[in-house]
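Dear colleague,

I am handing over the structure we spoke about, and below it you will find my notes on what turned up in it. Please read them with the structure open beside you.

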Amino acid sequence: MYTPKAFEVTDLPKLQAAMKQSELATLVTNTTHGLVATHLPLMLDETRGEYGTLTGHVSRANVQWRETDPDAEGLIIFLGLDTYVSPNWYPAKQETGRVVPTWNYAAIHAYGHITFFEDVERLRTVVTELTRKHEAAFPAPWRVTDAPATYIDSQLKAIVGFECQITRLEGKQKFSQNRSAEDRLGVIEGLLELQDERKRQVAELMDGLESQRNPL
């Protein structure tokens with residue numbers, strides 16, 4: 001991932017926290033038929049390996065698990081908040097006119113060899129943990145044991161698990177750090193004026209970065 005120094009994130013706990021909070025990732029591997037990508041939720045165990053180990057599952061019908069080159073490095077992509085940035089928000093536009101549109105975003109790239117597994121009890125643990133994670137916010141969380149055991153057993157036969165012990169980790173936060181303070185504040189104000197929930201979240205993130213840059 002192309003990452004200028006101004007946008008680089010190397011804080012491991014921060015990167016791990018972002019991966020754990022992520023709801024969807026993209027698994028990219030090299031197969032006998034070229035690159036294949038699958039979008040899926042994952043679990044991170046930060047205690048296993050230097051950077052942690054990611055675990056998830058794919059459909060048994062997905063050729064990715066059969067055809068992935070076991071000797072090739074795989075890539076797992078996590079995307080955070082993102083937004084279009086209009087040049088109209090920069091005070092510099094009025095001063096010089098030397099501005100262009102851009103896109104602000106956060107991303108993490110985790111690399112490592114992908115190992116697939118079919119052990120039923122291991123798969124049961126994976127789906128139980130994933131369910132617990134994503135049901136936690138509900139007042140009455142659904143549990144794997146809520147469904148008939150025979151039904152769950154049949155569903156487990158339809159998936160294949162995988163894990164990736166991360167060997168390289170790249171983090172990027174591109175939120176106008178390369179612009180002047182005035183331009184950054186202009187972007188924050190412009191995003192808030194749009195009254196869009198996701199853009200408000202980006203504005204709040206940028207405001208937090210400003211606070212870190214200029215603590216009281």
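Predicted model: local features only at pLDDT ≥ 70, side-chain atom pairs only at ≥ 80, totals over all residues.

S9 itself is mostly covered, as 6 of its 7 residues are buried.

Which residues does Thr55 touch, once its neighbours within four places in sequence are left aside? Thr55, which lies in strand S5 (residues 53-59), is in contact with Leu42, Met43, Phe117, Val126, Phe162 and Glu163. Its relative accessibility is 15%, and because the cut-off for buried is under 20%, Thr55 counts as buried. Val120, by contrast, is found in helix H4 (residues 120-135) and has a relative accessible area of 37%, so that it is classed as partly exposed. The C-alpha atoms of Val120 and Asp153 are separated by 8.3 Å, although these residues are 33 apart along the chain.

The buried residues of H6, among them Val187, Ile188 and Leu191, pack against strand S6 (74-85), helix H3 (91-95), strand S7 (102-112) and helix H7 (197-213). Just after H6, Gln195 takes a positive phi of about 55°.

The largest pocket has a volume of about 450 Å³, and of the 18 residues that line it, the closest to its centre are Ala18, Gln21, Gly80, Leu81 and Ala106. Helix H1 (12-21) supplies the largest share of that lining, 5 residues, and the lining as a whole divides into 11 nonpolar, 4 polar and 3 charged residues.

The second largest pocket has a volume of about 190 Å³, and its lining includes Thr55, Met43, Val126 and Glu163, which are also among the contacts of Thr55 or Thr55 itself. H4 gives the most to this lining, with 4 residues, and by class the lining has 3 nonpolar, 3 polar and 5 charged residues.

With best wishes

Terms used:
Residues numbered from 1 in each chain as written. Heavy atoms only, no water. Helix = DSSP H or I, 4+ residues; strand = E, 2+ residues; numbered from the N terminus. Buried < 20%, exposed > 50% of the residue type's maximum accessible area, 1.4 Å probe, protein only. Contact = heavy atoms within 4.5 Å. 1 Å grid on protein atoms, 1.4 Å probe; cavity = no way out; pocket = protein on both sides within 12 Å on 5 of 7 lines; lining within 4 Å. Points joined across faces, edges and corners; volume = space filled by probe spheres on them. Nonpolar A, V, L, I, M, F, W, Y, C, P; charged D, E, K, R; others polar.
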